[in-house]
Amino acid sequence: MKKVHFISILFILNLSFVMAQTEMEMDSLLEKIAETENSKGIVKTVQAEKIISYGESSLPILSDFFTDSTETKVYSECQARNLTKGELAIIMADGIDRMPYMRITGIQNCLLTYCENNPNWIEYYLYAINRDGLNNFQTKYKDWLAYLELSDKEKRKVERK
């Protein structure tokens, strides 16, 4: 019985260490992306490609960075200002799995006419995200991630409410 407890404790400690490394690595990758001059070039960076290659498993980790207000060198023509590290994380998360903009931002804009040729679709909505609060956005996003994990039966239950 002691062996089982010992193995369980080792597993939990190892899992915590792996998650910390992943969060540290994500932080490092976002720091490198933060050196990009123009937001349109974010997806072209080696670091962005690496984050995207991690796939959906990286979304919860990225969402932890959404509220980071550290200003970066990345200039957004759409927003006419430099982006924050949290906004870079939001852009990367959207690049991995497109967000349901209406559900999360409360705005549905099919035309996206004011910021042409920008591959970062969520960037159009950053003004609304900031207006409503990054903590609010982060909560809605994490709720959406949790919803995606539900079975079809559980999703139908949630949708009926």
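**Group meeting: a walk through the model**

Let's start with a hole: the largest cavity here has a volume of about 40 Å³. By cavity I mean a set of points, on a 1 Å grid over the protein atoms alone, where a 1.4 Å probe fits but cannot get out. Grid points are joined across faces, edges and corners, and the volume is the space filled by probe spheres set on the points.

Some ground rules before we go on. This is a predicted model, where local features need pLDDT of at least 70 and side-chain atom pairs count only at pLDDT 80 or more, while totals for chains, interfaces and linings use all residues. Residues are numbered from 1 along each chain as its sequence is written, and side-chain values use heavy atoms, with hydrogens and water left out.

Okay, back to the hole. The structure holds one cavity of 30 Å³ or more. Which residues line the largest cavity? They are Ile104, Thr105, Ala128, Ile129, Asp132, Gly133, Asn136, Phe137 and Lys140, where a lining residue has an atom within 4 Å of a point. Helix 5 (101-105), helix 6 (126-132) and helix 7 (134-149) are the elements that give two or more residues to that lining. Helices here are DSSP runs of H or I with at least four residues, strands are runs of E with at least two, and both are numbered from the N terminus. Sorted by class, the lining has four nonpolar, three polar and two charged residues. Nonpolar covers Ala, Val, Leu, Ile, Met, Phe, Trp, Tyr, Cys and Pro, charged covers Asp, Glu, Lys and Arg, and the others, Gly among them, are polar.

The cut-offs are under 20% relative accessible area for buried, over 50% for exposed, and partly exposed in between, with a 1.4 Å probe and protein chains only. Leaving aside neighbours within four places in sequence, isoleucine 90 is in contact with Phe66, Met99, Ile122, Leu126, Ile129, Leu134 and Phe137; contact means heavy atoms within 4.5 Å. Isoleucine 90 and tyrosine 141 are 51 residues apart in sequence, and their C-alpha atoms are 9.8 Å apart in space.

Over in helix 7 we find glutamine 138. Is glutamine 138 buried or exposed? Buried, at 13% relative accessibility. Not counting residues up to four places away in sequence, glutamine 138 touches Ser63, Asp64, Phe66 and Thr67.

Next up, salt bridges. There are nine of them in the structure, each a side-chain nitrogen of Lys or Arg within 4 Å of a carboxyl oxygen of Asp or Glu. Take lysine 50 and glutamate 25, whose side chains meet at 3.2 Å, N to O. That pair links distant parts of the chain, with lysine 50 in helix 2 (residues 46-54) and glutamate 25 in helix 1 (residues 2-33), 25 residues apart. Lysine 50 is partly exposed at 37%, and glutamate 25 is partly exposed too, at 29%.

Another one joins lysine 85 and aspartate 27, with the closest N and O atoms 2.2 Å apart. Lysine 85 sits in helix 4 (residues 85-96) and aspartate 27 in helix 1, so this pair ties together parts that are 58 residues apart in sequence. Lysine 85 is buried, at 5%, whereas aspartate 27 is partly exposed, at 27%.

Then there's lysine 142 with aspartate 64, at 2.6 Å, N to O. Lysine 142 is in helix 7 and aspartate 64 is in the loop between helix 3 (59-63) and strand 1 (71-76), so parts 78 residues apart in sequence are tied together. Lysine 142 is partly exposed at 35%, and aspartate 64 is partly exposed at 37%. As for a network, salt bridges that share partners join Asp27, Glu31, Asp68 and Lys85 into one.

Last stop, the strands. Strand 1 and strand 2 (residues 81-84) run antiparallel, joined by three bridges; two strands pair if DSSP finds at least two bridges between them. Glutamate 71 has threonine 84 in strand 2 as its bridge partner, and serine 76 stands opposite arginine 81 in strand 2. The hairpin has four residues between its strands, and in it alanine 80 takes a positive phi near 55°.

How values were computed
On a 1 Å grid over the protein atoms alone, a cavity is a set of points where a 1.4 Å probe fits but cannot get out, and a pocket is an open set with protein on both sides within 12 Å along at least five of seven lines; lining residues have an atom within 4 Å of a point.
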